[in-house]
Protein chains: 2
Amino acid sequence: MFEAVELGQTLDKAEFKQQEHKLRGTLLELQRELAEEKVPVIIIVAGLGGAGKGDVVDRFNKWLDSRGLQTHAFWDETDEELERPDHWRFWKRLPARGTISVMFNGWYGNALGQHIRGELSNSELDEETLRINQLERMLTRDGTLIIKLWFHLSFEAHSKRIKKRQKSKHRVPDLEGHLYTREEYDQMLATAERLLRKTESGACPWQMIESDDKWFRDMAAGKSLQAVMQMSLRELKSSGNITRNELEPPPLSLDVPARTVLDKVDLGVSLDREAYKKQLRHYQKRLHDLSWKAYLSHRSIVLVFEGWDAAGKGGAIRRLLSAMDARLYRVISVAAPTDEELNHHYLWRFWRQVPRAGYMTLYDRSWYGRVLVERVEGFAQPSEWMWAYKEINNFEEQLTEHGTMVLKFWLHISPEEQLRRFHDRENTPWKQHKITEEDWRNREKWDDYKSAVNDMVAHTSTQKAPWVLIPANDKLSARVEILKTVCQRLKKSMEL
Amino acid sequence: MFEAVELGQTLDKAEFKQQEHKLRGTLLELQRELAEEKVPVIIIVAGLGGAGKGDVVDRFNKWLDSRGLQTHAFWDETDEELERPDHWRFWKRLPARGTISVMFNGWYGNALGQHIRGELSNSELDEETLRINQLERMLTRDGTLIIKLWFHLSFEAHSKRIKKRQKSKHRVPDLEGHLYTREEYDQMLATAERLLRKTESGACPWQMIESDDKWFRDMAAGKSLQAVMQMSLRELKSSGNITRNELEPPPLSLDVPARTVLDKVDLGVSLDREAYKKQLRHYQKRLHDLSWKAYLSHRSIVLVFEGWDAAGKGGAIRRLLSAMDARLYRVISVAAPTDEELNHHYLWRFWRQVPRAGYMTLYDRSWYGRVLVERVEGFAQPSEWMWAYKEINNFEEQLTEHGTMVLKFWLHISPEEQLRRFHDRENTPWKQHKITEEDWRNREKWDDYKSAVNDMVAHTSTQKAPWVLIPANDKLSARVEILKTVCQRLKKSMEL
């Protein structure tokens with residue numbers, strides 16, 4: 001889920017200064033309106049160490065009116081606090097109606113830290129998310145607006161930031177943070193991902209902020225604040241409630257990014273036929289061995305293939321299959337649902353085909369149709385496909401927690417390459433059946449699909465069930481890349 | 001929470017037969033309407049072993065049209081099932097639109113059994129409730145109606161039923177169930193309570209059925225089915241959704257019982273002054289020692305006193321206080337909230353007064369005002385006080401999980417006794433300040449308060465934070481009873 005805030009977005013200082021003036025005026029006005037409506041506001045500033053939470057809070061204190069604004073940090077618990085239930089210290093600091101409390105990490109700090117340090121199991125983390133959700137629901141029902149901001153840093157930026165701090169003359173030992181290895185960093189994100197995903201709701205959505213560049217970060221934080229406050233005041237005027245209905249799915253990002261995850265894919269990679277043949281043989285041999293090993297160790301595998309029309313899904317899948325014993329796998333080509341399938345929940349037909357222990361299921365298109373074609377073509381209502389992110393995450397979590405390896409590929413090509421392939425299909429007799437009117441229609445909605453893919457990756461790429469974006473302008477390198485990725489992940493999953 | 005289904009309700013066979021005819025017609029008609037609306041229906045029949053779930057399911061199969069009706073029992077998992085995520089077996093059996101699935105225990109059986117057998121920790125049980133809630137929400141969003149029935153047996157009835165089964169000629173070893181000790185039975189209820197409480201929602205409320213008497217049980221089950229189906233069809237017609245909005249609190253029992261928990265209190269008990277003095281001295285001495293012991297072992301105590309006006313709360317509290325060192329306790333007399341308190345969530349002022357480790361707080365009236373006076377007088381909106389049951393349970397759970405002992409007393413008197421005491425107050429110069437116009441007004445709403453007390457006990461009496469109903473027509477015995485209960489619970493809580 002963090003891929004979508006690792007887009008390398010930046011803002012230069014001059015641009016920041018220019019935008020800041022207007023933003024500040026708007027925020028002050030929003031603060032005044034919220035105070036007038038007697039709304040208590042909680043702003044939770046959370047995220048990775050080194051992401052600049054302190055700087056952002058300083059910025060908020062500068063931008064907002066200090067009357068009716070309080071900042072709370074939750075350091076180590078005091079004796080007074082340790083002698084009472086955990087949440088006591090939060091209750092003490094809840095804002096009165098019409099005022100704002102800015103909270104460092106809010107009620108997320110402890111759970112996050114303890115799980116990262118291995119002091120909480122997954123179940124105990126989930127138990128804590130139950131409590132957090134109860135608290136947040138109780139407060140939003142009572143009219144509190146809770147704004148949750150998560151500041152994300154890429155691994156590289158995180159390391160750089162911590163090193164700089166540790167060298168600084170003004171270092172504060174308690175605040176300098178810990179320099180993580182790549183593995184520790186991934187572990188930290190896995191915890192964050194679990195916690196964020198389970199505390200995301202229609203009424204209390206998380207706003208994700210890319211924080212590698214400090215000017216971009218502060219502006220994005222300010223704009224998120226503004227967007228949530230505006231949305232909430234609109235909500236208040238129309239429905240009488242300050243927060244959105246919990247029955248609605250969490251809104252997608254309020255501030256649409258100019259770049260998407262697909263823009264980061266390098267479509268320039270390629271492989272010559274000689275190297276292709278060699279590598280194909282190599283990885284097919286490995287996959288053959290690994291798939292038997294998976295069978296013997298009861299490791300199930302789910303592979304999902306999505307991608308643009310003519311991106312080469314079929315060809316890539318065939319290269320996988322020819323490496324394996326046909327008794328070990330099943331390919332599901334997802335077409336329009338049958339009557340029986342339509343008479344059930346949309347996930348029902350996918351649950352039915354979950355592989356037994358030791359077997360592999362390859363899905364040529366999948367449950368992601370819900371958030372791709374059904375979204376873009378309007379076959380599903382917005383609330384239906386927006387809920388689907390959560391539903392799909394829960395589904396895949398059940399698979400991975402049961403020990404199934406889940407890997408999802410998006411085959412990415414440029415529109416130009418697609419056009420070339422379409423023409424090629426039309427002009428080649430044995431390929432003509434592969435091109436239909438529908439393919440041309442889909443092509444016209446390229447940008448809609450691009451947004452849909454970005455949201456899909458942002459919401460459903462998890463550490464346990466990641467999306468892998470495959471540059472597929474060159475079919476040969478795409479096939480090898482997919483084979484290689486499957487081999488690597490499969491090997492790793494069996495080592496655990 | 002099970003007190004409200006241990007009221008000793010019965011129905012004789014003739015009466016059952018007479019009501020059955022009409023009920024059956026109604027159920028068939030409701031089944032037809034739901035099928036016409038293409039609603040998939042899941043009926044979960046859960047509860048204690050021996051409560052007669054099998055008989056009830058047979059009854060449902062007899063009452064309903066067998067076309068479009070399927071019954072599923074989840075025995076030990078098959079190999080096929082064990083090789084896939086837990087929920088796979090439920091997905092396979094979900095009803096198609098327009099049909100009904102009756103499920104023995106549904107997705108509650110495993111979690112319940114494993115927690116009772118100690119194979120699941122509290123956190124792991126909570127993790128499972130998260131998954132259950134996700135599944136139920138996903139299905140209700142998709143238009144499924146989920147009806148959850150819980151069949152409760154009192155300890156006595158449970159033991160009797162199991163013994164009879166074990167002696168039966170037609171015994172089926174797998175089904176005869178286990179004869180529990182009182183302690184095991186309590187442990188089982190504690191698990192059930194935690195699971196039921198955390199899977200109760202506005203859209204999927206639990207229906208509790210008293211099952212000691214089989215004719216009453218079957219009729220109550222049928223009527224619950226009828227009530228939920230009717231409510232849901234009304235909901236469908238008015239809002240387009242089959243289930244109630246999740247933002248609404250779970251409805252209180254749909255079938256208002258003729259008896260309430262207060263009817264079970266024996267107001268005839270009394271104590272002569274001689275015995276009173278002796279016992280008072282005895283228990284005060286014990287409380288004195290226990291309170292110091294609690295202080296030394298950092299055990300906090302929260303005592304809540306609620307009751308009818310003039311039931312003798314003040315006198316009872318004074319008898320407790322005079323036994324203890326004034327440094328160890330604090331009494332909070334709850335009056336109308338201050339401005340500052342009104343500017344926060346209603347629980348805020350109670351959170352603030354949570355005692356430190358080793359201390360005792362006595363609340364003369366409490367957060368229960370929300371579901372008593374605020375409910376009856378209309379100071380709180382129905383949705384506000386209806387949510388309060390959950391909120392209060394969560395609050396008290398945080399106290400007890402932190403090690404605080406929580407005990408709640410309702411002092412019960414008859415309306416005649418209250419009238420006598422009111423007159424006495426009016427006629428005694430130094431008691432006149434204790435009687436106001438408001439007391440007379442409250443008295444007129446006796447029946448409303450009685451329902452409110454019943455719902456309060458049904459929803460907030462938990463094993464860890466129980467309600468104790470004290471017969472208080474005789475002040476002397478009431479005071480001793482309270483002292484004795486505090487001593488017993490305190491001793492037990494320190495033994496754990």
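Author: Of the 20 residues of helix 15 of chain B, 14 are buried, so this helix is largely enclosed by the rest of the structure. The model is a predicted one, and the values that follow are computed from it. Helix 15 of chain B covers residues 382-401. From its first C-alpha to its last it reaches 29 Å, close to the 28 Å expected at 1.5 Å a residue. After helix 15 of chain B comes Gly403(B), a residue with a positive phi near 100°.

In total, 40 residues of chain A are in contact with 40 residues of chain B. Helix 15 (382-401) of chain A is among the elements that give two or more residues to the side of chain A that touches chain B, together with helix 4 (88-92), helix 6 (122-141) and helix 13 (348-352) of chain A. The largest share of that side belongs to helix 6 of chain A, with nine residues.

The arrangement of the two chains can be described next. Chain A is superposed on chain B by a rotation of 180° with 0.0 Å of shift along its axis, and the RMSD is 0.1 Å. The two copies are thus related as by a two-fold rotation axis. Within chain A, Ser123(A) has the C-alpha nearest the axis, at 2.7 Å from it. Both copies use the same surface, since 100% of the contact residues of chain A recur in chain B.

One residue shows contacts within its own chain and across to the other. Ala96(A) is placed in the loop between helix 4 and strand 3 (100-104) of chain A. Leaving aside residues up to four places away in sequence, Ala96(A) touches Pro40(A), Asn343(B) and His344(B). Because 17 C-beta neighbours lie inside 10 Å, Ala96(A) counts as partly exposed. Between Ala96(A) and Ile242(A) there are 146 residues in sequence and 15 Å in space, C-alpha to C-alpha.

Asn105(A), in the loop between strand 3 and helix 5 (109-116) of chain A, has a phi near 65°, a positive value in a residue other than glycine. With 18 other C-beta atoms within 10 Å, Asn105(A) is partly exposed. Lys38(B) also has a positive phi, near 65°, and is likewise a residue other than glycine. The loop that holds Lys38(B) runs between helix 1 (13-36) and strand 1 (41-47) of chain B. Lys38(B) counts as partly exposed, with 13 C-beta neighbours inside 10 Å.

Finally, there is the division of a single chain. The domain assignment of chain A gives domain 1 (3-259) and domain 2 (263-495). The centres of domain 1 and domain 2 of chain A, taken over C-alpha atoms, are separated by 34 Å. Their contact takes 12 residues from domain 1 of chain A and 14 residues from domain 2 of chain A. On the side of domain 1 of chain A that touches domain 2 of chain A, six residues are nonpolar, none are polar and six are charged.

Definitions and conventions:
Residues are numbered from 1 along each chain as its sequence is written. Chains are lettered from A and ligands numbered from 1 in the order in which they are written. This is a predicted model: local features need pLDDT of at least 70, side-chain atom pairs count only at pLDDT 80 or more; totals for chains, interfaces and linings use all residues. Domain bounds come from an automatic or database domain assignment. Two residues are in contact if their C-beta atoms, placed from the backbone, lie within 7 Å. Ala, Val, Leu, Ile, Met, Phe, Trp, Tyr, Cys and Pro count as nonpolar, Asp, Glu, Lys and Arg as charged, and the others, Gly among them, as polar. Helices (H or I, at least four residues) and strands (E, at least two) are DSSP runs, numbered from the N terminus. The expected span of a helix is 1.5 Å times one less than its number of residues. A residue is buried if 20 or more other C-beta atoms lie within 10 Å of its own, exposed if 12 or fewer, and partly exposed in between; C-beta atoms are placed from the backbone. Copies are superposed by least squares on the C-alpha atoms of residues with pLDDT of at least 70 in both.
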